[in-house]
Amino acid sequence: MKRSLFGRIWPNATAVVLFVGFVFPVYWMFATAFKPTGDIITDNPVWFPRHFTFSHFDRAVHADHFWTLVANSVTVTLCSVLLSLLIALFAAFALARMRFKGRRGFIVTFMLAQMAPWEVMIIAIYMIVRDGDMLNSLVPLTVFYAMMVLPLTVLTLRGYIAAVPKELEESAMVDGCTRLQAFRKVIFPLLAPGLMATSLFGFITAWNEFPLVLILNKDIEKQTLPLWLSQFQTAFGDDWGATMAASSLFALPILILFIFLQRKAVSGLTDGAVKG
């Protein structure tokens, strides 16, 4: 009986400890953003804002280049997600439906590419961009962000496409559809969970990426929010309230997306990993 009770308690206790460990930094960031400056710089921590203030957010959004960098981040993130999905749809369809020489090796290559850290290629990436005279441009960021999430996107969507019976596609073609029309009308509507999961993964990756923009884009007008945040403290001295407010604004889109899409995203990734 005691062993059974312990077996039920320790997993829940471990989950609670992990939850607090992960959530507390996020809570502290948002709480600090709303605290008056006097409650931030104090020897006795103020765990909950006694008086809410929005002055830190006002300073953050009126900082130099803030809205320009917001536009850069949104543009690069959305374009990289759309580009990776467009390429991955065709690649996943070819891997799932077509039989060609080297197909298995191609799949293994995608798996290895997903496991390998892209940072090992950062010098080569810089040389390619420099020789192509594309430094301080958003285009290389968009392309390389799409490449980062492409292997996982292809492998996930391949699993979904392989799970769709070929007979459905063949029936549509017998009824007069071309292969492309059969894909659009039969297969594509069934890919929604996989598309949602991979889109969320791609959005988080591109939105948070820091080292590449640090190396490729020295012009402040062509940078993104993660790099701006790293320089924000220097610009404002010891203004922790404005720093936390800016960090909260940066994290808000990811938190909102994850809260609303987490269940479908997790199921989409796991289903796509085991199908096909």
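Is Asp-131 buried or exposed? Asp-131 is exposed, at 58% relative accessibility, where buried denotes under 20% relative accessible area, exposed over 50%, and partly exposed the range in between (1.4 Å probe, protein chains only). The structure is a predicted model, in which local features need pLDDT of at least 70 and side-chain atom pairs count only at pLDDT 80 or more, while totals for chains, interfaces and linings use all residues. Residues are numbered from 1 along each chain as its sequence is written, and side-chain values use heavy atoms, with hydrogens and water left out.

**Overall architecture**

- The protein contains 13 helices and zero strands; helices (H or I, at least four residues) and strands (E, at least two) are DSSP runs, numbered from the N terminus.
- Of the 276 residues in the protein, 39% are buried.
- Contact means heavy atoms within 4.5 Å; among contacts between residues at least 6 apart in sequence, 73% join residues at least 24 apart.

**Salt bridge**

- One salt bridge is found in a search of the whole structure, the criterion being a side-chain nitrogen of Lys or Arg within 4 Å of a carboxyl oxygen of Asp or Glu.
- This salt bridge joins the side chains of Arg-130 and Asp-131, at 3.2 Å from N to O.
- Side chains of opposite charge can pair when their charged atoms come close.
- Arg-130 is partly exposed, with a relative accessible area of 39%.

**Nonpolar surface patch**

- A nonpolar patch on the surface is formed by Val-16, Leu-18, Phe-19, Val-20, Phe-22, Val-23, Phe-24, Tyr-27, Trp-47, Phe-48 and Phe-52, with about 1200 Å² of accessible area together.
- Patches are made of residues with over 30% relative accessible area and no salt bridge; like charges are joined within 9 Å, and nonpolar side chains (Val, Leu, Ile, Met, Phe, Trp, Tyr) within 5 Å.
- Phe-24, one of the patch residues, belongs to helix H1 (residues 2-34) and is partly exposed at 36% relative accessibility.

**Helix packing**

- Helix H4 (residues 66-97) packs against helix H9 (residues 179-187) at an angle of about 100°, with the axes 13 Å apart.
- H4 is therefore roughly perpendicular to H9; angles under 35 degrees count as roughly parallel, over 145 as roughly antiparallel, 65 to 115 as roughly perpendicular and the rest as oblique.
- Axes are lines fitted to C-alpha atoms, for helices over the stretch in contact, and angles run from 0 to 180 degrees between N-to-C directions.
- Leu-89, Phe-93 and Arg-97 of H4 meet Arg-179, Phe-183 and Ile-187 of H9.

- Gln-223 lies in the loop between helix H11 (211-216) and helix H12 (225-236) and is buried at 4% relative accessibility.
- Leaving aside residues up to four places away in sequence, Gln-223 touches Leu-69, Asn-72, Val-213, Asn-217, Lys-218 and Gln-231.
- Thr-156, in helix H7 (residues 138-163), is buried with a relative accessible area of 4%.
- Thr-156 and Leu-195 are 39 residues apart in sequence, with their C-alpha atoms 8.7 Å apart in space.

Terms used
Accessible areas come from the Shrake-Rupley method with a 1.4 Å probe; for residues, only the protein chains shown count as cover.
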